[in-house]
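Please keep the structure open while reading.

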Amino acid sequence: MLAMHMANELLTPVVAGVLALLAAGLLGVACRRTRRSLDPARVPLMGVLGAFVFAAQMINFTLPFMPGTSGHLGGGVLLAIVLGPHAGTLVMASILIVQCLIFQDGGLLALGANILNMGVVPCYVGYAVYRAVLGHRQGVGAARLYAATFAASVVGVVLGAACVPFETAAAGVITVPLRLFLLTMIGVHLLIGAVEGLITFAVVAYLYRIRPDTLRGSELLAKATRTRVGWPVVAGSLAAVAMVLGGLISHAASAYPDGLEWTYAERPADPHFQPYVEPPDESSLTARAEAFQQRAALLPDYGGDDTALKTVAGLVGTIVTLVVTYLIARLLRRKTDSDAPAPARAT
Amino acid sequence: MHHDYLDRYANQDSPVHDLDARAKVVAVLLYTVVLVSVPKYQLAPLAPFAVLPLAMLVVGRIPLNFVLKRVLIVSPFVVCLAAFNPIWDAQLRPFAGTWVRGGWLVAASVLIKFTLGMGALIALTSTTRFSDLLAGLQRLGVPRVLVMQLGFLYRYLFVLIDQAMRMRRARDARLGGYASVTLRLRAVGGIVGVLLLRTLEQAERIHQAMQARGYDGTVRTLRRGCFGWGEVLFLLAVGVYVTAARLSVLVTS
């Protein structure tokens, strides 16, 4: 949920209007479908669940590899699993409206876009994925429940975020290339989605143990009481996310030369463009530094032209980055561990 | 967290606070649409658009510090996008006698519009009690079910956030930063799960209590906003103002 609220200024009134109409129509459908399954007088009470999501977002989870940063629940997929996609969407919509009116997160005009990206898409797509992975046969175990919840969260969050570049491109106010913006949004939200998936599963596992009747699809679950999943399953899911991420990074690296390099040095799309920097001559310091970098790099220029090699390069790059981040984090942590733990912040 | 944190300035008395919520909602919506429709490469015509939010904030005695802080908090995403824009939009455009990359103009325009639009929205929400705002929205045709849902959300927000903060403090006191990832994740799952079950049960109790008091699906309130001459004048003035501001765009271009 963090900071991906669409702003008014990135849209034009026409695009914002179309998105708002689309969101209003889909909310109308969700409302009708909810009333069919729920006592109509109870529908307003779903606002209380909206308050729950706000409260749940206060429960932070310190991320393992990056001390100092913490993730929290977004809530869309959890609501869909507990209430079903229709009611879940309604609750998410009420949250987004309150976020807009009270916390000024996302503007009035962009409300339609935000309801689509963070309400409709995560709830409906996430729920569809959850159901698809859960399957139709009885006796679903903890591992499959984990896979369903995790996949639903990642796909729901990523697809919702992937809408943002398209909406922005349709409005045309900002001229960041669609493909680059899309890759960035998907990359960042793969990580956010993975955290969301882990937390959502932690909640689902608790509910499965205590009150399985609150979960959609609980009739398929095995009666076993074990809800713990083994490390191989968790590691496998995270590795899958890392692989997609690595693939994306290598794709971006092959599609675009280094962003800054590109700005100053070459511009194939613009024939009138004059490069700001002279091409380096071999004797200059930069050229020698570059040559050294080429020789020293394990995978020079992300592996040349070969696509398979590029993917491997992306993967290795991701893993190396993660390991380095982890080591730095460990070092920093050892330092701060000697300090007294900070008192809980009361807001 | 207290009700006071959000509605801090909404209970003051001022001519802006006295206006009916409907008039303010319509005015701010109109203002935002016209503001966003200003062409993206034009900066000078944005100047007159500062008048409405500033006037509402100053007359409503909302501290500008508070407003700027709020704008900063919600700005990161927009600032990021605006900052990258000059890289890709490199066509030179005339600005104040010189030539500037178009991307810089768009970035400045987006940030100015963002600040002004947020200023207007904050002026609306901090001069109007949330319950009045909801009543106004309902009278403007927003479905009643949605309005009531928002009302419940607002009413229980503080209760549940307080509950969550207590549970979080209890966890921090017991786990600190020393527990393993698995344990911390399970703690988060347990806390959020308990919170969810409590909320579901609380909603059930609220429903029973409301039924015991004769709730039949409609909420009846005593407060009625009144849409008088003051509101009509205010809306007319805002209408003339945004039209004039928008026309100045055409004149300068």
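**From one residue to the contact between chains**

Leaving aside residues up to four places away in sequence, Phe52(A) touches Leu160(B), Leu195(B), Leu196(B) and Thr199(B); two residues are in contact if their C-beta atoms, placed from the backbone, lie within 7 Å. This is a predicted model, in which local features need pLDDT of at least 70 and side-chain atom pairs count only at pLDDT 80 or more, while totals for chains, interfaces and linings use all residues. Residues are numbered from 1 along each chain as its sequence is written, and chains are lettered from A and ligands numbered from 1 in the order in which they are written.

Phe52(A), Ala55(A) and Leu79(A) touch the most other members of the largest nonpolar core, which has 161 residues. Such a core is a set of buried Ala, Val, Leu, Ile, Met, Phe, Trp, Tyr and Cys residues joined through C-beta atoms within 7 Å. A residue is buried if 20 or more other C-beta atoms lie within 10 Å of its own, exposed if 12 or fewer, and partly exposed in between, with C-beta atoms placed from the backbone. Helix H6 (residues 142–171) of chain A supplies the largest share of this core, 16 residues.

The contact between the chains involves 64 residues from chain A and 71 residues from chain B. On the side of chain A that touches chain B, H2(A) gives the most, with ten residues. That side divides into 46 nonpolar, 14 polar and four charged residues, where Ala, Val, Leu, Ile, Met, Phe, Trp, Tyr, Cys and Pro count as nonpolar, Asp, Glu, Lys and Arg as charged, and the others, Gly among them, as polar.

Chain A as a whole has eleven helices and two strands; helices (H or I, at least four residues) and strands (E, at least two) are DSSP runs, numbered from the N terminus. Of its 347 residues, 43% are buried.

In chain B, helix H8 (residues 130–139) and helix H9 (residues 144–175) pack at an angle of about 170°, with axes 9 Å apart. Axes are lines fitted to C-alpha atoms, for helices over the stretch in contact, and angles run from 0 to 180 degrees between N-to-C directions. H8(B) and H9(B) are therefore roughly antiparallel, the term for angles over 145 degrees. H8(B) contributes Phe130(B), Leu134(B), Leu137(B) and Gln138(B) to the contact, and H9(B) contributes Arg144(B), Val147(B), Leu150(B), Gly151(B) and Tyr154(B).

Note on methods: Parallel < 35°, antiparallel > 145°, perpendicular 65-115°, else oblique.
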